[in-house]
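Here are a few friendly notes to read alongside the coordinates. Have a look at the fold, then work through the points below.

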Amino acid sequence: MTRGSYSYSRDNWVISSKELGLLVDSARFKQIKILLVILYYTGCRYVEAKRLKINNIIIDEEYITFNIKNAKRKDKSMRQLKIPRAVPYMEMVINFVEDRERRQTAGIADENLFMEFNYRKGIYELELACKKADIPLSFHAFRKSRATAIANTGVNANALAGWLGHKSLNMSVWYVQNSTALTKDITESFKNE
């Protein structure tokens, strides 16, 4: 597939945690590895992850909380995505964020979490990681993967829509592939990671 082309089948790819590991290992730069992990576990849009600032992330004893500004909503509302620290690669993310905080305090870095690369360079590096790992997916597949993982644990449809930042349940249902009944708490979706 040539760069820049679009394929619906690439969007429908559901990424496993093993494939995430291949992608992380294939990424050339640490911030791309971090971006891959954030996309996988939050299911946020690429542009939402790229716009993250250090103060949008709260780290406590059990969780790392991402305050994501909704990119597709005119009101630019925020949603809080709470992820257990115990899931794979999350300590790597925490170390990265804490290092960024230290660098910002020292005046070496600004408030942006991903300041080293622009929008296009980020896309290019993510595509390189996918190509190297031989996983032909679009970055929207990260979003679909998280939605499917959450739905398969039986999370309430309203909670799924809130996690993804959708106004309507119809949009959230479109993302879900092979899901079970939607009745459980979102934090339960991370138990098998």
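This is a predicted model: local features need pLDDT of at least 70, side-chain atom pairs count only at pLDDT 80 or more; totals for chains, interfaces and linings use all residues.

1. Of the 193 residues, 48% are buried.

2. The protein has nine helices and three strands. Starting at the N terminus, the order of elements is α-α-α-α-β-β-β-α-α-α-α-α. Among contacts with a separation of 6 or more, 65% join residues 24 or more positions apart.

3. The largest nonpolar core counts 52 residues, and Leu-36, Ile-38 and Phe-66 touch the most other members. Helix H3 (residues 30-42) gives the most to this core, contributing nine residues. Leaving aside neighbours within four places in sequence, Phe-66 has contacts that include Ile-38, Leu-52, Arg-79 and Val-93.

4. Six salt bridges are present. Glu-48 takes part in one with Arg-45, where the closest N and O atoms are 2.6 Å apart, and in one with Arg-79, at 2.9 Å. Because Glu-48 lies in helix H4 (residues 46-50) and Arg-79 in strand S3 (residues 78-84), the pair ties together parts 31 residues apart in sequence. Relative accessibility is 12% for Arg-45, 3% for Glu-48 and 5% for Arg-79, so each of these residues counts as buried, that is, under 20%.

5. Lys-53 forms a salt bridge with Glu-111, with the closest N and O atoms 3.8 Å apart. Lys-53 is partly exposed at 26%, and Glu-111 is partly exposed at 36%. Finally, Arg-28, Lys-121 and Glu-125 are linked in a salt-bridge network.

Technical notes. Residues are numbered from 1 along each chain as its sequence is written. Side-chain values use heavy atoms; hydrogens and water are left out. Helices (H or I, at least four residues) and strands (E, at least two) are DSSP runs, numbered from the N terminus. Buried means under 20% relative accessible area, exposed over 50%, partly exposed in between (1.4 Å probe, protein chains only). Contact means heavy atoms within 4.5 Å. A nonpolar core is a set of buried Ala, Val, Leu, Ile, Met, Phe, Trp, Tyr and Cys residues joined through side-chain atoms within 4.5 Å. A salt bridge is a side-chain nitrogen of Lys or Arg within 4 Å of a carboxyl oxygen of Asp or Glu.
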